[in-house]
Amino acid sequence: MTNIKENIEILTKQVKELSFDIKPTIVAVSKQQSYLKIIEAFNAGQRVFGENYLQEAMDKQKDLKDYPIEWHFIGPIQSNKCKLIAENFDWVQTVDRMKIARRLDESCSGKIINICIQINISEEPTKSGIMPNQVDTFAKELSQFKYLNLRGIMAIPSQNKKDGNLKHELVSLKKIFVNLKNQNNNIDTLSVGMSNDYKLALNYGSTMIRVGSHIFGARAK
Ligand SMILES: *Cc1c(COP(=O)(O)O)cnc(C)c1O
């Protein structure tokens, strides 16, 4: 059995120790975890949860409708899913195409959603995300949307490469973040860091870490 409560307490303490002027948000990534585990985390004080798969997330949200949870969508987005994503999530962290942004905006029906631009920081052609040199232009285009509140950037850095590469990517992300922040007062989010690299990410200025297995244990297959 995993002790979710203890994991959250330890993680919260570490986050506090590793960050100085900012208070980073912990997004508990609950994909492939049961809603009962989400309740366990909720009872330990966790309020922010991330999900990757729309249908799975909606099934759990039904069971959790009485819980005041802030839901973050962190998976790849198909354009035909935008309406349901806009209706069921408070944040969408994986916006990387204008078509998706437009559809989300059209589906908001009065509600504001917080969004992040997903960045392909390792610049691998097969990965999702905006290339670093396109971020400025994309961010400017996003400002036309009434119901999308651009809060910052999100990335999944290289996982299986040398540590040096990861650090290099974290430095680049921080630069992109600071640059956007200087242009737009609403920008306050650098979403980077998962179970295996959140400590390093916090050292490099992450304001939002997305942690799954380190809180909930291994995912069901
Ligand atoms: C699954 C996932 C996470 C969490 O991964 P862990 O290694 O379990 O912490 C974070 N971000 C994204 C985008 C994910 O898909």
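Eight salt bridges are counted in this predicted model, a salt bridge being a side-chain nitrogen of Lys or Arg within 4 Å of a carboxyl oxygen of Asp or Glu. The structure is a prediction, so that local features need pLDDT of at least 70 and side-chain atom pairs count only at pLDDT 80 or more, whereas totals for chains, interfaces and linings use all residues. Residues are numbered from 1 along each chain as its sequence is written, and side-chain values use heavy atoms, with hydrogens and water left out.

Among these salt bridges, E51, E56 and K60 are linked in a network. The side chain of K60 meets that of E51 with an N to O distance of 2.9 Å, and the side chain of K60 also meets that of E56, here at 2.7 Å from N to O. Both E56 and K60 belong to helix 3 (residues 54–63), where they stand four residues apart, about one turn of the helix; helices (H or I, at least four residues) and strands (E, at least two) are DSSP runs, numbered from the N terminus. E51 counts as buried because its relative accessibility is 0%, and K60 counts as buried because its value is 6%, while E56, at 22%, counts as partly exposed. In these terms, buried means under 20% relative accessible area, exposed over 50%, and partly exposed in between, with a 1.4 Å probe and protein chains only.

A further salt bridge joins D188 to R151, with the closest N and O atoms 2.9 Å apart. This pair links distant parts of the chain, 37 residues apart, since D188 lies in the loop between helix 7 (163–183) and strand 7 (189–191) and R151 lies in strand 6 (residues 148–155). With a relative accessibility of 34%, D188 counts as partly exposed, whereas R151, at 19%, counts as buried.

Turning to the ligand, 13 residues are found around it, of which K31, N52, S195, G212 and R219 come nearest; a residue is near a molecule if one of its heavy atoms lies within 4 Å of it. An oxygen atom of the ligand lies 2.7 Å from a polar side-chain atom of K31, and for R219 an N or O atom of the side chain is 2.7 Å from an oxygen atom of the ligand. In the case of R210, an N or O atom of the side chain is 2.9 Å from a nitrogen atom of the ligand.

Note on methods: Polar contact = N/O pair within 3.5 Å; in protein donor to acceptor, adjacent residues only side chain to side chain.
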